[in-house]
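Please look over the sequence and the fold shown here before reading on, and keep in mind that the model is predicted. The paragraphs that follow go from helix packing to the sheet and end with backbone details.

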Amino acid sequence: MARVLIVEDSVFQRTILKRIVQQSGHEAVEAASGREGLRKIDEMQPDLILLDLLMPDINGFQVLQVLESKHVKTPVVVVTADVQETTRQKCQEHGVVELVNKPVNDEKMFEVLNNHLGSR
């Protein structure tokens, strides 16, 4: 069983993502802000991070910059409502392994989890 950290300020979105992660047989840990996410990344060293971009304290791009500066190699999947090509390119530049658009499609998220976590 892999450990997946969900960094998302929306309770509704966290609930959906948590359900999908758990149904995939993995442990879901939640963080309601970028700051909390960074703290939990240090504490628990997750196997995968699901990261929102638009959050009130530290946004997703700032989280990605901190992870880069600390040389954190944990794969990051960005989950966002932003569908602009410039956002997609910026995510790729920061090493994001995949970008999933909101609203989250269950089948797509199951596929993403399987691709990046396999049978852990």
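**Helices, sheet and loops**

Helix α1, which covers residues 11–23, packs against helix α5, residues 106–117, at an angle of about 55 degrees, and the axes of the two helices are 10 Å apart. Because of that angle, α1 counts as oblique to α5, and the crossing in which α1 passes α5 is right-handed. The residues that meet here are L17, R19, I20, V21 and Q23 on the side of α1, and D106, M109, F110 and L113 on the side of α5. Sorted by class, this contact of α1 with α5 is made up of six nonpolar residues, one polar residue and two charged residues.

The strands come next. Five of them form an open sheet in the order β2-β1-β3-β4-β5, and their pairing is parallel. Which strands stand at the edges of this sheet, and why is one side of each left without a neighbour? The edge strands are β2 and β5, the latter at 98–101, and because each has a single partner strand, one side of each has no neighbour in the sheet. On average, and with direction ignored, neighbouring strands of this sheet are turned by 20 degrees against each other.

Within the sheet, strand β1 (residues 3–7) pairs in the parallel sense with strand β2 (residues 27–31) over five bridges, and in this pairing I6 stands opposite E30 of β2. Strand β1 is also joined by four bridges to strand β3 (residues 48–51), with the two strands running parallel, and here V7 has L51 of β3 as its bridge partner. Helix α1 packs on the sheet, where it touches β1, β2, β3 and β4 (76–80), and the direction of α1 makes about 160 degrees with that of β2. Together, β1, α1 and β2 make a β-α-β unit that is right-handed, so that the helix packed against α5 is also the one that belongs to this unit.

Most residues other than glycine have a negative phi, and most peptide bonds are trans. Q45, which lies in the loop between α2 and β3, has a positive phi of about 45 degrees although it is not a glycine. P103, placed in the loop between β5 and α5, is joined to K102 by a cis peptide bond, for which omega is about 0 degrees.

Technical notes. Residues are numbered from 1 along each chain as its sequence is written. This is a predicted model: local features need pLDDT of at least 70, side-chain atom pairs count only at pLDDT 80 or more; totals for chains, interfaces and linings use all residues. Side-chain values use heavy atoms; hydrogens and water are left out. Two strands pair if DSSP finds at least two bridges between them. A crossover is right-handed if, with the strands pointing away from the viewer, the path from the first strand over the helix to the second runs clockwise. Axes are lines fitted to C-alpha atoms, for helices over the stretch in contact, and angles run from 0 to 180 degrees between N-to-C directions. Angles under 35 degrees count as roughly parallel, over 145 as roughly antiparallel, 65 to 115 as roughly perpendicular and the rest as oblique. A crossing is left-handed if the near helix is turned anticlockwise from the far one by less than a right angle, and right-handed if clockwise. Contact means heavy atoms within 4.5 Å. Ala, Val, Leu, Ile, Met, Phe, Trp, Tyr, Cys and Pro count as nonpolar, Asp, Glu, Lys and Arg as charged, and the others, Gly among them, as polar.
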